[in-house]
Amino acid sequence: MTNDKGIFIKNVYYMLSYAFRALRQDGWKSVAVEDFASAQDLLAAILAKATAQQVKQGLHREYVTQRDTLPVLRGKINLPETVRCRTQCSPVMACKFDELSEDNLFNRILKTTLTLLLRDSTVSDTHKAAVRRVLRFLDGVAVVQPAAIPWTRLQYRRDNQNYELLMGLCQLVLDGMLQTTENGSHKLAMFDDTHMERLYEKFILEYYRRHHSYLSEIKASQVPWNLTGMHDAQSLRLLPVMKTDVLLRQGEKILIIDAKYYGQIMQRNFDKLSLRSAHLYQIYAYVSNADRQHTGNVSGLLVYAKTQEELLPDCMYNMGGNHIGAVTLDLSRDFSKITAQLDAIAARFFERGQG
């Protein structure tokens, strides 16, 4: 099986390679030419290889507080515990000291993810063998409960920046984990729409960053509300944040892209199919507030991942002087056709400069 929900697994790899720049290095060419049975099989292969590379460079270590009874003082002495030992005629001291250890949160998340992938029936025997090989280097590391992982507290510095890729992959796997009701055991699910939408958004943004550098601005950004007059701080806090998935700019021209990954694109009202109201209102709000001077230079585009629906949007409207529309991106095609679609979107709104 080479696809998952209509998406070629190879295309998931390419999307990951844009989302995580490290996967574009030469060392990943062997993975790029493989065939994968499922998204989890792909992630197992990537994570095993990335972990093996990290083992060669050295696993991340942090100072962890240890407590032990020792014949000589190390660190700080625990006086009450030392007295208790002496009353039992034991010539040792209870010490509290910091020690560099591989048993930290980063490596615990890594070991937990690899262990769960090892139990997943959709991971091939070849990639399970690779996972087992790297798990040997994590023998002294504990596992954690996936639901208790504080993802937002993970911080990356120069000494652990390689873990950003590892933790990103781990989160993709662990966020897709289901707990069965029969025996409390864990099962890994394929990517659901929530996980794929995040990857889809990041892929489109990073694709334009890499291949359309002639644009003066390529980013995910917030659109400020086009307010007039004075407003108190409490009222301003009540306004929702308008955060775009992708904002492209060339000179005065701006294109706001909202990437949408849904199982069903169109909405049905009685017998009439139409664009989803909430999505259209959302992109209209982004564009109308971004075009503060009403120049017509700001456009908006809903870019849906193509589904199996008979009616799919390919439309553009002039709404109050701004162009707003919707198109689909077919993730079940060869990847070169996907990138050609993205290039065509940029060509439609901007003049090609020197990349």
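Me: Which residues are linked in a network of salt bridges?
Reply: Arg21, Lys202, Glu206 and Arg209 are linked that way. A salt bridge here is a side-chain nitrogen of Lys or Arg within 4 Å of a carboxyl oxygen of Asp or Glu. The model is predicted: local features need pLDDT of at least 70, side-chain atom pairs count only at pLDDT 80 or more, and totals for chains, interfaces and linings use all residues. Residues are numbered from 1 along each chain as its sequence is written, and side-chain values use heavy atoms, with hydrogens and water left out.

Me: How many salt bridges in the whole structure?
Reply: The search finds 9.

Me: Back to Glu206 and Arg209. How far apart are they in helix α8?
Reply: They sit 3 residues apart in α8 (residues 193-211), so about one helical turn separates them. Helices are DSSP runs of H or I, at least four residues, and strands are runs of E, at least two; both are numbered from the N terminus.

Me: Is Glu206 buried or exposed?
Reply: Glu206 is buried, at 4% relative accessibility. Arg209 is partly exposed, at 33%. Buried means under 20% relative accessible area, exposed over 50%, partly exposed in between (1.4 Å probe, protein chains only).

Me: And Lys260, what does its side chain meet?
Reply: Asp258, in a salt bridge of 3.0 Å, N to O. Both Lys260 and Asp258 are buried.

Me: New topic. What is the strand order in the open sheet?
Reply: The 3 strands run β3-β5-β4, with antiparallel pairing. β3 (62-70) and β4 (76-77) are at the edges with a single partner strand each, so one side of each has no neighbour in the sheet. Strands pair if DSSP finds at least two bridges between them.

Me: How many bridges join β4 to β5?
Reply: 2 bridges, and the strands run antiparallel. β5 covers residues 93-101. Lys76 stands opposite Lys96 in β5.

Me: What about helices α5 and α6, at what angle do they pack?
Reply: About 145°, with axes 10 Å apart. Axes are lines fitted to C-alpha atoms, for helices over the stretch in contact, and angles run from 0 to 180 degrees between N-to-C directions. α5 spans residues 105-118 and α6 spans residues 125-135.

Me: Which residues of α5 make the contact?
Reply: Lys111, Leu114, Thr115, Leu117 and Leu118. From α6 come Lys128, Val131, Arg132, Val134 and Leu135. Contact means heavy atoms within 4.5 Å.
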